[in-house]
Amino acid sequence: MQLYLPIADLPVNVFLVLAMGAAVGFVSGMFGIGGGFLMTPLLIFIGITPAVAVASVASHIAASSFSGALSYWRRRAIDPSLASVLLCGGVTGTALGVWTFTQLRALGQLDLMIALSYVVLLTTVGSLMFSEGLRALMRTRRGAVPPRRTHNWIHGLPLKMRFKRSKIYLSVIPVVVVGIVIGFIGAIMGIGGGFILVPIMIYLLRVPTSTVIGTSMVLTLVTMLFATMLHAVTNHLVDAVLALILMVGGVTGAQFGARAGQKIRGEQLRLLLGLLILSVGIRFAIELVIQPSDLFTIRELGVSG
Amino acid sequence: MRRAALALLFVLLLGPAARAEKLIVSVSNHRVTVTPNYSGEELVLFGSVEKDATTPADRKAYDLVVTVMGPRADMVTRRKERTFGIWINTDYRQFLQVPSYLALFANRPFEAITSPEIARRQQIGLNNVLLTQRVSGDFADVVPNDAFRSAFIRLRTQRGLYREDGSAVTFLTPTLFRTGIPLPAEVPIGTYDVEIKLFANGAFIGKTETAFEIVKVGFEQFVATTARQNGLIYGLATAAMALMTGWMASIVFRKD
């Protein structure tokens with residue numbers, strides 16, 4: 001069934017978009033991530049312009065992270081105080097990111113910057129996660145005890161605060177910094193940033209796994225709502241029809257994904273997610289390195305009349 | 001004085017001949033509406049060549065070239081080059097106010113209709129249509145085999161937005177003709193100008209113009225206008241929709 005998208009200005013197959021939303025939703029529910037890094041390239045692949053894709057995906061991620069956050073909230077798996085400190089940084093970072101985005105666009109080469117940051121970020125995070133998952137898996141095979149979690153330099157910073165639900169005592173400085181970084185990256189690359197946030201919170205901030213996904217979803221939800229608003233006000237590029245189809249597919253897929261995720265062990269889940277992120281990163285790298293089938297591209301600068 | 005008299009004679013001789021034929025045309029639909037299930041359409045242009053008393057008797061066969069031009073826009077063509085092992089955009093050309101949709105149809109191959117000189121002047125064929133580029137501060141069209149110009153036409157043709165066809169116009173009778181105007185699914189919204197040029201024995205003898213428009217209606221129109229004019233409200237509505245969808249999903253899929 002074809003449906004004409006009012007902002008993207010092209011007809012799409014509703015079932016194809018629904019299926020894409022459901023597939024990405026499944027992955028996002030399984031790993032507790034937003035899935036923007038998968039959705040945006042997919043939409044560009046079916047012919048939607050990158051600008052519209054990035055803007056519309058933001059609202060899609062907001063919907064799926066809200067439904068996720070609600071169910072984590074009921075299970076008391078969200079740390080409200082940790083989330084609010086993260087948000088202080090996140091909102092600042094998003095605003096900074098949007099400002100940088102405008103500056104980069106004025107300089108040209110924004111597409112290259114986006115592609116390069118995708119490659120660097122996804123391959124780094126992907127391979128780190130993959131090798132860590134592999135090591136953890138080997139350890140459990142051998143039956144060895146996981147190494148004791150030690151405190152690092154981050155725990156020596158001042159301005160400490162007690163985060164009750166997570167049962168950690170931590171300085172607010174690294175938390176705010178992490179929020180800024182995620183907000184900044186998210187605004188520039190059009191991703192929620194959950195797949196970077198979760199590992200950072202686990203390995204750097206030592207947030208227990210019980211609250212990490214729920215809390216990161218709150219940050220994703222707020223930054224993506226903020227991004228939707230910014231895109232709608234400044235560029236008029238949010239396609240509500242496209243977003244709605246993606247949302248319906250996404251939230252449905254996410255529920256099944258979450259159930260599937262509970263059946264898989266933690267280290268296997270990390271291994272799989274690492275592999276997935278790595279492969280998306282490599283795909284972007286290949287696109288930069290091999291000769292494109294067409295050296296020329298056209299960009300319309302707006303229709304007049 | 002003598003030159004002026006000659007010129008006057010020339011006009012008197014040619015004048016009536018140039019107005020000897022009248023072109024009457026119509027498009028099957030002057031207002032194409034883009035609805036939720038729009039996925040491309042084909043318009044039909046039909047018309048006839050009306051002769052009058054002054055038409056030379058030996059003029060029997062006519063040739064027609066139909067040019068359809070969509071709303072104009074500025075476009076940039078970029079070329080990728082290998083730098084430090086990766087392919088990045090290095091060079092670009094800006095095309096100024098070029099048609100976003102361009103179709104040229106004729107009843108037989110363009111080069112058979114008229115001389116290269118007249119074809120260039122009358123912009124017959126994709127190679128002869130004026131596509132203004134900004135070349136280092138200057139505005140000009142370049143030679144047809146320019147790399148950026150041909151890449152631009154090739155890419156637009158691939159998307160079905162630029163096309164030329166030397167057999168699309170059919171003469172039903174020696175003076176009655178018709179042609180289809182295919183509009184792709186991702187058609188630019190706006191006003192389309194149609195120009196019909198008449199040739200006989202290689203000479204350009206007249207033209208007429210018509211137009212049609214492509215508009216969004218109903219829901220599409222509403223969404224597009226709201227997004228453009230009330231960005232804040234639109235954004236708030238989208239954000240609220242996201243929250244509603246998320247909340248509904250968590251209710252529907254609640255496990256208890």
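A crossing of two helices is called left-handed if the near helix is turned anticlockwise from the far one by less than a right angle, and right-handed if clockwise. Helices (H or I, at least four residues) and strands (E, at least two) are DSSP runs, numbered from the N terminus. Everything below comes from a predicted model, where local features need pLDDT of at least 70 and side-chain atom pairs count only at pLDDT 80 or more, while totals for chains, interfaces and linings use all residues. Residues are numbered from 1 along each chain as its sequence is written, and chains are lettered from A and ligands numbered from 1 in the order in which they are written.

**View 1. Helix 8 of chain A against helix 6 of chain B.** Here helix 8 of chain A packs on helix 6 (residues 231–252) of chain B at an angle of about 150 degrees, with the axes 8 Å apart. Axes are lines fitted to C-alpha atoms, for helices over the stretch in contact, and angles run from 0 to 180 degrees between N-to-C directions. That angle makes the pair roughly antiparallel (angles under 35 degrees count as roughly parallel, over 145 as roughly antiparallel, 65 to 115 as roughly perpendicular and the rest as oblique). The crossing of helix 8 of chain A and helix 6 of chain B is right-handed. On the chain A helix, look for Leu225(A), Thr228(A), Met229(A), Ala232(A) and Val233(A); among the residues they meet on the chain B helix are Tyr234(B), Gly235(B) and Thr238(B). Two residues are in contact if their C-beta atoms, placed from the backbone, lie within 7 Å. Ala, Val, Leu, Ile, Met, Phe, Trp, Tyr, Cys and Pro count as nonpolar, Asp, Glu, Lys and Arg as charged, and the others, Gly among them, as polar.

**View 2. The side of chain A that touches chain B.** The contact takes 48 residues from chain A and 52 residues from chain B. On the chain A side, the elements that give two or more residues include strand 1 (2–5), helix 3 (50–74), helix 8 (209–234) and helix 10 (266–289). Helix 9 of chain A provides the largest share of that side, nine residues. Sorted by class, the chain A side has 31 nonpolar, 14 polar and three charged residues.

**View 3. Helix 9 of chain A and two of its partners.** The axes of helix 3 and helix 9 of chain A come within 9 Å and cross at roughly 30 degrees, which makes helix 3 of chain A roughly parallel to helix 9 of chain A. Their crossing is right-handed. Helix 3 of chain A brings residues including Ser56(A), His60(A) and Ser67(A), and helix 9 of chain A answers with residues including Leu242(A), Met247(A) and Ala254(A). The classes come out as seven nonpolar, seven polar and no charged residues for helix 3 with helix 9 of chain A. As for helix 1 (residues 14–31) of chain A, its axis and that of helix 9 of chain A come within 5 Å and cross at roughly 40 degrees. Helix 1 of chain A also passes helix 9 of chain A in a right-handed crossing, and the residues of that contact divide into 21 nonpolar, eleven polar and no charged.

**View 4. The nonpolar cores.** A nonpolar core is a set of buried Ala, Val, Leu, Ile, Met, Phe, Trp, Tyr and Cys residues joined through C-beta atoms within 7 Å. Buried means that 20 or more other C-beta atoms lie within 10 Å of a residue's own, exposed means 12 or fewer, and partly exposed is in between, with C-beta atoms placed from the backbone. The largest core has 141 residues, and those with the most contacts inside it are Ala62(A), Leu122(A), Leu221(A) and Val66(B). Helix 8 of chain A gives the most to this core, with 14 residues. Leaving out residues up to four places away in sequence, Val66(B) touches Leu45(B), Phe105(B), Val169(B), Thr179(B), Val194(B) and Ile196(B).

View 5. In helix 7 (residues 194–204) of chain A, the buried residues include Phe195(A), Leu197(A) and Met201(A). Arg206(A) sits in the loop between helix 7 and helix 8 of chain A, with a phi near 55 degrees, a positive value in a residue other than glycine. With 17 C-beta neighbours inside 10 Å, Arg206(A) counts as partly exposed.
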